[in-house]
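The sequence and structure are shown below.

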Amino acid sequence: MPQFLFKVVEVETLESESDDPRLINRVAIVDAEVIDKQSGDTIYRGNFDVLFNEDGVYPSIKKINAINVPKYIKTELLFQSKRYIKRLRRWL
């Protein structure tokens, strides 16, 4: 069973034509580490982009698919990173 650790390294605000705060898109660069709970070995360590706004959270699927890990780790990395940013969204 893997354990997922995340840390937001940087947040950038993308340019917007509208002044409406609901339409502001931001990109968080998330540093991720996946550790095997039983052995303590690091399965993956790296970073990827997560786009977020008031409507939702969208991890970079291209960057996560480029990682050389089993498919179930990639899928779980998508869901866990989305969950992590969704909880922090109002403070970023």
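The largest nonpolar core has 18 residues, of which Phe6, Tyr44, Phe48, Leu77 and Ile85 touch the most other members. E1, E2, E3 and helix H2 (71-88) each supply at least two residues of this core. A nonpolar core is here a set of buried Ala, Val, Leu, Ile, Met, Phe, Trp, Tyr and Cys residues joined through side-chain atoms within 4.5 Å; buried means under 20% relative accessible area, with a 1.4 Å probe and protein chains only. Helices (H or I, at least four residues) and strands (E, at least two) are DSSP runs, numbered from the N terminus.

The model is predicted: local features need pLDDT of at least 70 and side-chain atom pairs count only at pLDDT 80 or more, while totals for chains, interfaces and linings use all residues. Residues are numbered from 1 along each chain as its sequence is written, and side-chain values use heavy atoms, with hydrogens and water left out.

Apart from residues up to four places away in sequence, Phe48 touches Phe6, Ala28, Ile29, Val30, Ala32, Lys63, Ile64, Leu77 and Ser81; contact means heavy atoms within 4.5 Å.

Strand E2 (residues 26-36) is largely enclosed by the rest of the structure, because 8 of its 11 residues are buried. Its pairings are listed below; two strands pair if DSSP finds at least two bridges between them.

| Strand pair | Sense | Bridges |
|---|---|---|
| E1 (residues 2-13) and E2 | antiparallel | 11 bridges |
| E2 and E3 | antiparallel | 10 bridges |

Asp31 in E2 is the bridge partner of Lys7, and Asp31 also stands opposite Asn47 in E3. The hairpin of E2 and E3 has 5 residues between the strands, and Gly40 there takes a positive phi near 85°.

Asn53 lies in the loop between strand E3 (42-52) and strand E4 (57-59). Asn53 counts as buried because its relative accessibility is 13%. The side chain of Asn53 makes a polar contact with that of Asn25 at 2.7 Å; such a contact is a pair of N or O atoms within 3.5 Å, one able to donate a hydrogen and the other to accept it, and residues adjacent in sequence count only if both atoms are side-chain atoms.

Arg89, in the segment after H2, reaches the backbone oxygen of Asn53 with its side chain at 3.0 Å. Leaving aside neighbours within four places in sequence, Arg89 is in contact with Phe52, Asn53, Glu54, Asp55, Gly56 and Val57.

Conventions:
Buried < 20%, exposed > 50% of the residue type's maximum accessible area, 1.4 Å probe, protein only.
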